[in-house]
Amino acid sequence: MKDVMGIIYTGEGDAQLRELTITRAIAALPVASRYRVIDFLVSSMVNGGIKNIGVIMQKNYHSLMDHLGSGKEWDLHGKIDGLHILPPFLTRENVGIYPGVLDALRSNTNFLIRSKQETVVLSNSSIIYNAKMDELLKFHQESGADLTLLYTKDESMKRNESGTYLAIDENQNVVDIEVDPTHPSHDNTYMQVLVMKRELMRELVDKAVAHGLHSMDRDVIQQLVRDGHATVKACEYKGLCWRIDSVQSFFKFNMDILDPKNSKGIFRDDMPIFTKVRDEMPAYYGDHCNVINSIVADGCQIEGTVENSVLFRGVKIAPNAHVKNCIIMQDGQVHEGAYIENCILDKQAIIKRNSRLIGPQAYPIVIAKDVVV
Amino acid sequence: MLRKKTCVAMLLAGGQGSRLGILTKNVAKPAVPFGGKYRIIDFPLSNCTNSGIDTVGVLTQYQPLELNAYIGSGAPWDLDISNGGVFVLPPYQKAKSGEWYRGTANAIYQNMAFIEQYNPDYVLILSGDHIYKMDYNAMLNFHIRHGADATIAVREVPWEEASRFGIMNTDSEDRIIEFEEKPKNPKSNKASMGVYIFTWDKLRHYLTEDEKDKKSSNDFGKNIIPNMLGDKQVLVAYSFNGYWKDVGTIESLWEANMDLLETPMPIDMHDKKWRIFARNPGMPPHYIAKGATVSDTLITEGCEVYGHVSHSVLFAGVVIEEGASVESSVIMPGSVIKRGAVVRRSIVAENAVIGAGAIVGEEEGNVAVVGQGITLPAGVSVAAGQQVDESFTF
């Protein structure tokens with residue numbers, strides 16, 4: 001058994017995700033026909049041998065709790081450790097809404113104290129990846145670093161005015177950190193996944209919060225790098241990853257998965273992504289349906305035309321309906337004669353007969369949950 | 001101490017199902033894949049869960065490995081509970097004896113101690129041979145209402161086929177007055193479904209008596225039911241009218257799969273109040289590529305379709321390569337149909353590979369079968385009705 005625990009923080013800002021995150025955290029966003037963002041993070045940890053995982057909840061965490069349940073789907077429902085849901089709570093020093101990850105960790109100090117593992121992996125939840133956690137841990141141990149940050153050279157992960165970027169020397173030491181620069185000057189994007197000793201995390205968090213600080217990147221890691229009080233190393237992640245921080249990036253991830261190169265890169269036989277099952281029957285394709293370049297989940301019933309789209313479980317596409325470049329979440333329906341293009345239908349949304357809805361490719365239309373058009 | 005249960009189910013899953021030919025060479029019949037993501041046993045197990053019966057003994061004997069692994073802790077059917085749940089019951093050695101299950105009744109007899117743990121009032125006897133959705137609780141209420149000692153589920157079969165079944169002759173009050181196994185001149189068309197509810201005290205008595213009879217074949221249909229009738233016990237017939245399909249032969253297994261493609265589906269698999277649960281393979285959603293054509297077909301997780309598929313059922317992880325064509329066929333988990341191959345009216349078992357340009361089955365005639373793990377070389381032909389296993393020479 002590995003001497004490592006995991007913590008996933010799900011409280012990132014989500015303003016740019018519009019209607020999609022009104023009722024849920026980014027971590028709970030449905031993606032790729034049958035998953036939620038958090039499935040990738042939890043599965044990565046589980047596949048890397050981590051058996052004690054805490055998920056820090058922030059706002060709108062009902063759907064996330066509902067999804068994770070007892071942790072059974074990830075084999076995290078054992079007696080020793082397993083999945084720990086850590087919702088916000090009110091205490092004298094904690095008002096329930098965390099200004100930053102440091103405050104969230106400070107509030108859950110007890111979870112850190114109670115856990116027995118020596119090392120902790122902390123991950124945010126707005127980047128989708130499928131990382132070999134055991135390799136990251138090996139790097140961390142062998143390099144003797146106090147802190148190891150996971151980073152990628154993937155250009156598409158860079159953003160203006162947001163994100164954390166690293167300068168790294170030839171020994172994988174982090175020599176400079178930029179947080180939310182207008183234009184990132186380093187090519188290494190920090191993936192918001194870090195490893196350190198549990199005791200060190202507790203100490204750093206405690207000190208930082210006591211000084212009124214909130215940001216892990218700016219107030220802790222950057223400080224450590226600048227002062228040189230700790231060895232901060234960086235480990236490169238060479239796999240595929242996507243930042244889910246806007247409707248466009250959410251749309252892009254789903255569309256990217258239509259390319260078998262991408263789907264085979266992120267869904268790997270040796271590192272399966274687990275999710276909650278719904279026991280739907282297989283998808284049914286009708287006599288006159290026409291489906292190309294799409295991924296489809298169980299329980300769908302398709303009679304019409306579907307092109308370059310992502311259909312979640314239980315979606316119904318009526319005869320003569322036409323769906324192009326769309327994401328249709330669980331139990332969505334497109335009725336006869338309707339035409340939709342560049343749309344994202346949230347759960348149970350319905351497009352009635354003969355409606356036409358065409359969004360610009362660069363700015364897909366989002367139809368909120370339960371809305372009937 | 002286990003708490004008392006009103007009704008305990010015993011599922012007879014020990015048969016080989018030899019009429020399924022090479023499909024049951026390495027697996028017991030209840031573990032045979034069905035309907036794109038299920039195995040036959042998912043139906044009786046899900047029926048139990050949906051009927052509120054949470055204690056199920058599964059009696060295994062023939063090739064149990066895959067079946068045992070599939071049942072596991074019972075979690076997919078919510079049968080991983082502390083007071084009850086699902087239990088695999090293989091034959092076992094006892095102090096003075098130890099033997100295989102000799103017949104259906106003997107299998108239950110050998111597991112009386114399991115049943116007694118729950119001190120049940122009733123015992124439900126099931127088999128793992130059929131595709132159907134049935135509310136066993138409604139049948140139990142019927143049993144109680146009639147003050148019966150045994151209730152046998154029956155369904156009306158076409159008169160011309162009645163002589164192939166065990167037929168129940170009943171009076172106007174559903175009481176069984178006579179039971180005839182495969183009668184030449186049937187007096188009724190009510191065929192036994194092999195689903196029984198017994199009042200446990202009675203069944204215990206008859207099982208014990210039956211064991212003493214050295215000439216008995218220890219079978220419910222041949223011995224227990226006739227003996228109870230002979231003693232004027234109250235046996236009633238519970239009529240079931242829903243979809244019910246025996247999948248004991250290659251042809252009927254193929255037909256039952258094809259039934260799921262009918263509109264409307266003869267068995268409602270979308271009913272959210274009566275889901276059929278299955279162990280989930282946990283694969284990514286399936287992908288239909290550009291240039292693929294799909295019609296009248298069921299497709300599930302992990303499949304990749306680049307070729308043409310019509311009127312077929314694809315199980316998890318099946319790959320249909322470019323230019324391959326699959327028609328009226330059942331392709332079981334993990335199989336690959338290579339470029340340009342043509343598969344018609346066939347069942348391709350798990351993890352088989354149909355080589356490029358190979359031709360399996362014909363448009364008409366009997367169903368062709370390619371066995372588990374077989375790799376069919378490129379370009380070979382398999383005629384209608386042929387079964388391909390390791391001994392097949394190309």
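Trainee: What makes chain A a chain with domain 1 and domain 2?

Mentor: Chain A is divided into domain 1 (4–266) and domain 2 (284–367), with bounds that come from an automatic or database domain assignment. This is a predicted model, where local features need pLDDT of at least 70, side-chain atom pairs count only at pLDDT 80 or more, and totals for chains, interfaces and linings use all residues. Residues are numbered from 1 along each chain as its sequence is written, chains are lettered from A and ligands numbered from 1 in the order in which they are written, and side-chain values use heavy atoms, leaving out hydrogens and water.

Trainee: How do you know that domain 1 of chain A is in contact with domain 2 of chain A?

Mentor: Contact means heavy atoms within 4.5 Å. By that rule, 19 residues of domain 1 of chain A are in contact with 25 residues of domain 2 of chain A.

Trainee: What do the two domains of chain A bury between them?

Mentor: About 1800 Å², with 65% of it on carbon and sulfur atoms. Buried area is the accessible area (1.4 Å probe) that two parts lose on being put together, summed over both. In domain 1 of chain A, A:Ser33, A:Phe251 and A:Leu258 lose the most area to domain 2 of chain A, together 36% of what that side buries.

Trainee: Why is the pair A:Asp346 and A:Arg24 called a salt bridge?

Mentor: A salt bridge needs a side-chain nitrogen of Lys or Arg within 4 Å of a carboxyl oxygen of Asp or Glu. The closest N and O atoms of A:Asp346 and A:Arg24 are 2.8 Å apart, so the pair qualifies. Between domain 1 and domain 2 of chain A, the count is one salt bridge.
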